[in-house]
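Trainee: I would like to go through a model step by step. Please show me the sequence and the structure.

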Amino acid sequence: MAEMGSKGVTAGKIASNVQKKLTRAQEKVLQKLGKADETKDEQFEQCVQNFNKQLNEGTRLQKDLRTYLASVKAMHEASRKLNECLQEVYEPDWPGRDEANKIAENNDLLWMDYHQKLVDQALLTMDTYLGQFPDIKSRIAKRGRKLVDYDSARHHYESLQVAKKKDEVKIAKAEEELIKAQKVFEEMNVDLQEELPSLWNSRVGFYVNTFQSIAGLEENFHKEMSKLNQNLHDVLVSLEKQHGSNTFMVKAQPRKKTKLFSRLRRKKNSDNASAKGNKSPSPPPDSSPAATPEIRVNHDPEPASAATPGAALPKSPSQNSLPAVVVETFSAAVNGTVEGGDGTVRLDLPPGFMFKVQAQHDYTATDTDELQLKAGDVVLVIPFQNPEEQDEGWLMGVKESDWNQHKDLEKCRGVFPENFTERVQ
């Protein structure tokens with residue numbers, strides 16, 4: 001009998017729940033069709049919107065924090081492997097081996113400590129913060145259902161009151177159901193009306209504490225890591241002093257060695273030999289260097305009348321007879337408008353000048369068309385006359401000191417490895 005009674009109670013409860021769902025569904029349909037009014041609370045709806053926004057922001061922050069922690073762990077692993085490699089290549093008879101091993105151990109411990117503190121002071125705090133949202137979200141949904149129950153009970157009671165044939169028993173029961181539904185709804189509503197604004201305002205302090213913790217932990221980590229890096233640097237400096245003669249040398253990229261200037265010299269010597277055999281040599285072609293008039297610009301601001309006779313600028317040559325860069329330089333010099341990128345007059349640079357580089361290492365030329373460089377030399381980079389002759393990793397230029405002294409590209413220019421230099425302008 002007890003078992004049957006238990007089953008009867010369970011069946012009755014299920015039937016009651018089914019009836020409630022049907023009543024709510026019917027009430028919502030009537031409200032959507034405008035045949036039944038709906039209790040509105042704009043202030044509470046705003047609180048719900050804030051709650052959803054806060055939940056989304058917190059969820060995203062939790063996801064990004066987990067990604068950050070995964071990155072810290074990956075960096076820890078990469079740093080550990082790098083230090084292991086250093087320990088393997090560090091030979092036993094080299095000075096500072098024990099110090100380098102100790103630094104590697106401290107480096108590993110520092111990464112582990114940093115990761116664990118981020119978990120304790122940021123991630124766990126984040127998990128606790130977000131842990132309160134599911135319960136409140138469930139209560140908000142339940143409040144919505146109880147509001148529908150309240151509206152349904154209210155409408156039922158009102159319909160019985162305006163009926164032509166009033167049944168006092170039904171009216172009394174409907175009133176009792178209305179009072180009960182209203183009480184349940186209002187209890188939940190009052191609690192949420194207090195909790196939601198408080199939760200919304202708590203986000204500011206949470207964000208401040210979380211990011212302050214992360215920033216502080218990261219700052220301390222980098223300070224300690226900087227000390228370890230400085231210690232490792234000192235150990236390596238000691239190693240370099242003892243084995244200084246075996247310092248790693250920067251090497252240039254291999255080149256095809258087109259021997260550009262060697263070909264030009266052979267051609268020039270051939271032309272000179274032909275000219276010696278001709279008693280009445282014809283004028284050089286317009287495109288040859290000899291046909292290019294020398295451009296002289298007086299840098300002193302003296303009046304034209306004081307100029308030395310015969311020192312006036314030559315007449316403009318035909319543009320068809322000179323390379324474009326010469327014509328442009330000649331024309332600009334005549335008009336006094338040769339300018340650099342900064343707007344200043346630049347009459348001291350070779351034609352086609354592109355930019356300056358400074359040698360960071362000594363380079364010993366291995367062919368006649370290469371520049372000999374010393375660390376600190378400034379080179380004026382110019383384009384190759386034939387781009388096809390440029391090898392990868394090599395530039396054409398003239399050392400600034402040679403150009404200032406000779407102003408002769410044919411004599412001073414040469415190729416040099418780009419990785420031995422650094423651009424300065």
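**Questions on the model**

Mentor: Start with Leu395, which is buried at a relative accessible area of 11%. Buried means under 20% relative accessible area, exposed over 50%, and partly exposed in between, with a 1.4 Å probe and protein chains only. This is a predicted model, in which local features need pLDDT of at least 70 and side-chain atom pairs count only at pLDDT 80 or more, while totals for chains, interfaces and linings use all residues. Residues are numbered from 1 along each chain as its sequence is written, and side-chain values use heavy atoms, with hydrogens and water left out.

Trainee: In which strand is Leu395 found?

Mentor: Helices (H or I, at least four residues) and strands (E, at least two) are DSSP runs, numbered from the N terminus. The run that holds Leu395 covers residues 394–399, and it is strand S3.

Trainee: How far apart in space are Leu395 and Pro383, C-alpha to C-alpha?

Mentor: In sequence, Leu395 and Pro383 are 12 residues apart. In space, their C-alpha to C-alpha distance is 7.9 Å.

Trainee: What share of the residues in the chain is buried?

Mentor: The chain has 425 residues. Of these, the buried ones make up 30%.

Trainee: Is Asn201 buried or exposed?

Mentor: Asn201 lies in helix H5. The relative accessible area of Asn201 is 53%, so the residue counts as exposed.

Trainee: Where does Lys407 lie, given its positive phi?

Mentor: Phi of Lys407 is near 50 degrees, a positive value in a residue other than glycine. Lys407 is partly exposed, because its relative accessibility is 42%. Its place is the loop between helix H8 (400–406) and helix H9 (409–412).

Trainee: How many disulfides does the structure hold?

Mentor: A disulfide is a pair of cysteine sulfur atoms within 2.5 Å. Cys47 is buried, with a relative accessible area of 10%, whereas Cys85 is partly exposed at 41%. The number of disulfides in the structure is zero.
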